[in-house]
Amino acid sequence: VSLSAQQAFQNLSIGFEAGTTGLGVELAVPVISNHVVLKGGLTLPSLSLSKDFSLDASPLNSSIDDANQALMDAGVDDRINTRFTSIGVKGDALLNFSAARVLLEYYPFKKSGIHITAGAYFGMGDSFLSANVATTDDFYSEFKAVESEVDAINQKYADLSGYEPVTLGSPKFNLDGKTYQLAMEEDRAFISARLQMSKIRPYLGIGFGRSIPKGHLGFQFDLGVWYHGVPSIESDQQVEYDASATEVYGTIPYMDQAVIYPHLSLRLIYRIF
């Protein structure tokens with residue numbers, strides 16, 4: 001029996017990883033002597049992010065001005081008096097690193113831990129990034145005040161000949177050339193969106209350190225990228241494009257070029273046998 005055959009599948013190690021794809025665990029076994037190692041693993045945790053910010057309220061106030069102009073043209077004395085001071089927003093995002101992976105490591109030099117790694121990650125979540133953006137209580141209070149004024153005016157002049165009821169609709173905003181309409185729920189307006197990418201993500205990288213250490217403990221450093229294709233933003237609240245909606249962000253830069261994700265990791269390895 002050759003030395004390669006004797007060494008293949010004769011060792012097993014477990015590694016614990018921290019890096020840009022989160023925290024993970026993997027098993028490794030040599031399949032062709034100690035030159036090629038097969039690894040399988042899981043990355044499970046997710047990362048939560050939160051941020052508070054404000055948006056320009058002038059487009060909403062312009063809608064109120066247009067409605068007041070329509071009231072004046074109709075010969076109606078009443079006006080909508082409430083104005084929006086700002087649009088306070090809180091954003092919550094969940095970055096989902098959950099993935100399984102199958103990788104092969106190739107060690108070209110017998111006495112060196114330098115290796116080339118190829119394989120694939122398999123995303124396990126519904127989306128790579130999910131986000132929920134909700135307005136603050138102040139904005140919701142102002143919106144309900146405007147809504148009450150509009151309802152009162154429409155009821156007051158409902159029987160006036162030729163009167164067209166004032167409508168403002170739900171607030172909208174534009175992001176990356178698309179329009180989204182906020183939904184109303186309890187004491188807030190909100191929108192939910194997802195960043196989608198391919199669940200099958202080919203991986204290529206280089207590193208230093210052995211997955212099957214000579215002793216019982218070892219360390220590895222790896223640097224590489226996975227390919228996930230062009231990501232896309234999806235939301236159930238997307239509506240027909242409206243140029244007059246509040247502009248949150250004109251165009252997201254480099255979206256079409258953001259087809260890879262960097263992987264940098266440090267790994268503690270224990271050789272079981």
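Residues are numbered from 1 along each chain as its sequence is written, and side-chain values use heavy atoms, with hydrogens and water left out.

Glu-26 sits in strand S2 (residues 22-32). Helices (H or I, at least four residues) and strands (E, at least two) are DSSP runs, numbered from the N terminus. The Glu-26 side chain makes a polar contact of 3.1 Å with the side chain of Arg-101, and another, of 3.2 Å, with the side chain of Arg-267. A polar contact is a pair of N or O atoms within 3.5 Å; within protein, one must be able to donate a hydrogen and the other to accept it, and residues adjacent in sequence count only if both atoms are side-chain atoms. If neighbours within four places in sequence are left aside, the residues in contact with Glu-26 (heavy atoms within 4.5 Å) include Ser-13, Lys-39 and Gln-220.

Now step back to the whole chain. It holds three helices and 18 strands. Its radius of gyration is 28 Å, well over the 19 Å that the globule rule gives for 273 residues, so the chain is more spread out than a compact globule. This radius is taken over C-alpha atoms, and the globule rule is 2.2 Å times the number of residues to the power 0.38. Along the principal axes, the C-alpha atoms fill a box of roughly 100 × 30 × 25 Å. Of the 273 residues, 40% count as buried.

Next comes helix H3 (residues 137-156). At 1.5 Å a residue, its 20 residues should span 28 Å, and its end C-alpha atoms are 29 Å apart, which agrees; the expected span is 1.5 Å times one less than the number of residues. Among the buried residues of H3 are Phe-139, Phe-143, Val-146 and Ile-153. The buried residues of this helix pack against helix H2 (58-73) and several strands, including S5 (87-96) and S12 (188-196).

Val-76 is found in the loop between H2 and S5, and it counts as buried because its relative accessibility is 2%. Beyond its neighbours within four places, Val-76 is in contact with Leu-71, Tyr-157, Leu-160 and Tyr-163.

Further along, strands S9 (residues 172-175) and S10 (residues 178-181) run antiparallel, joined by four bridges; two strands pair if DSSP finds at least two bridges between them. Asn-174 has Thr-179 of S10 as its bridge partner. In this hairpin, with two residues between the strands, Asp-176 takes a positive phi near 55 degrees. S10 is also joined by two bridges to strand S16 (residues 238-239), again antiparallel, and there Thr-179 has Val-239 as its partner.

Finally, a word on confidence. The mean pLDDT (the predictor's confidence in each residue, from 0 to 100) is 87 for the chain, and 95% of its residues reach 70 or more. Confidence is lowest in helix H1 (residues 3-7), at a mean of 47, and highest in strand S13 (residues 200-208), at 97. Where pLDDT is low, the predicted coordinates should not be read in detail.

How values were computed: Predicted model: local features only at pLDDT ≥ 70, side-chain atom pairs only at ≥ 80, totals over all residues. Buried < 20%, exposed > 50% of the residue type's maximum accessible area, 1.4 Å probe, protein only.
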